[in-house]
Amino acid sequence: MINKELQKRILSSIILIPLSLFFIIVGSIPFIFYITLIFFVMSFEWIKMTKKRELIQILGLFFLLFSFYATFYIRQYIGLNFFLFLIIICIFTDIGGYLFGKTFKGPKLTSVSPNKTYSGVIGSFLFSLISGFLYIQYFGQKSKIILNMDPLFFILLILFVSLTSQIGDLTISYFKRKAKLKDTGKILPGHGGILDRLDGLIFVLPIS
């Protein structure tokens, strides 16, 4: 039996994923409008979460702005397929961590995020590798960057993106714990805030 929280997650994803894909694929001004809206929502969530730590708040806003620029640059100038590749890795890193963590449980990874387990980390890396190879199998030939990659470098890139995504997740979890918050917001039923949902991606895009 699927619990109510998971039901909300699935329903939110059914709405959010096609909507996001529409703006990502269309690109240009609609895409800029969409990521600008996301940027302002995340900035609001960050300000609310760090309202008693002004320096951290300002640094975080600059980081979000840099991540916003990286998002625009990768989509518009590096290419749609590489952009989607990064998103797919981040999504399946989350899915693998969630499924393995819930299924196998085991030792906790860190007190920063009590729900994170070593089994979840393994699941994140495994699912990121599977999704990365499936993506290159069906869509990789449309991206010169991916197509020209050495196989070993491709594997290392996937693992690096997955690791960065997990670090982003833990970083936002740390600040939530400091602020004594469960979620950064309530805009996405089952997921929390936009910052909760994109915590890994905002770290991945600036370094890709």
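Among contacts in the protein between residues at least 6 apart in sequence, 68% join residues at least 24 apart. The model is predicted. The protein has nine helices and zero strands, and 41% of its 208 residues count as buried.

**Overall make-up**

- Read from the N terminus, the order of elements is α-α-α-α-α-α-α-α-α.
- The accessible surface of the protein comes to about 12300 Å², and carbon and sulfur atoms account for 71% of that area.

**Nonpolar cores**

- The largest nonpolar core has 23 residues. Those touching the most other members are Phe 82, Phe 83, Phe 85, Leu 86, Val 161 and Leu 205.
- Two or more residues of this core come from each of helix 2 (28-49), helix 3 (54-78), helix 4, helix 7 and helix 9 (201-207).
- Helix 4 gives the most to this core, contributing eight residues.
- Another core, of 15 residues, lies apart from the largest one. Its members include Phe 23, Tyr 34, Ile 38 and Phe 203.

**Salt bridges**

- The structure holds four salt bridges, among them the pairs described here.
- Asp 169 pairs with Lys 116 in a salt bridge, with 3.4 Å between the closest N and O atoms. This pair links distant parts of the chain, 53 residues apart: Asp 169 belongs to helix 7 (residues 151-179), while Lys 116 sits in the loop between helix 4 (80-104) and helix 5 (118-138).
- Asp 169 counts as buried because its relative accessibility, 14%, is under the 20% cut-off. Lys 116, at 24% relative accessibility, falls between the cut-offs of 20% and 50% and therefore counts as partly exposed.
- Lys 176 forms a salt bridge with Asp 196, and the closest N and O atoms are 2.7 Å apart. Here too distant parts of the chain are linked: Lys 176 lies in helix 7 and Asp 196 in helix 8 (residues 194-198), 20 residues apart. Lys 176 and Asp 196 are both buried.
- Lys 182 forms a salt bridge with Asp 183, the closest N and O atoms being 3.8 Å apart. Lys 182 has 66% relative accessibility, over the 50% cut-off, so Lys 182 counts as exposed. Asp 183 has 27% relative accessibility and counts as partly exposed.
- As background, side chains of opposite charge can pair when their charged atoms come close.

**Nonpolar surface patch**

- Phe 66, Tyr 69, Tyr 73, Tyr 77, Ile 78 and Ile 145 form a nonpolar patch on the surface. Together these residues have about 610 Å² of accessible area.
- Helix 3 supplies the largest share of the patch, five residues.
- Tyr 73 is a member of the patch and lies in helix 3. Its relative accessibility of 38% lies between 20% and 50%, so Tyr 73 counts as partly exposed.

Key. Residues are numbered from 1 along each chain as its sequence is written. This is a predicted model: local features need pLDDT of at least 70, side-chain atom pairs count only at pLDDT 80 or more; totals for chains, interfaces and linings use all residues. Side-chain values use heavy atoms; hydrogens and water are left out. Helices (H or I, at least four residues) and strands (E, at least two) are DSSP runs, numbered from the N terminus. Buried means under 20% relative accessible area, exposed over 50%, partly exposed in between (1.4 Å probe, protein chains only). Contact means heavy atoms within 4.5 Å. Accessible areas come from the Shrake-Rupley method with a 1.4 Å probe; for residues, only the protein chains shown count as cover. A salt bridge is a side-chain nitrogen of Lys or Arg within 4 Å of a carboxyl oxygen of Asp or Glu. A nonpolar core is a set of buried Ala, Val, Leu, Ile, Met, Phe, Trp, Tyr and Cys residues joined through side-chain atoms within 4.5 Å. Patches are made of residues with over 30% relative accessible area and no salt bridge: like charges are joined within 9 Å, nonpolar side chains (Val, Leu, Ile, Met, Phe, Trp, Tyr) within 5 Å.
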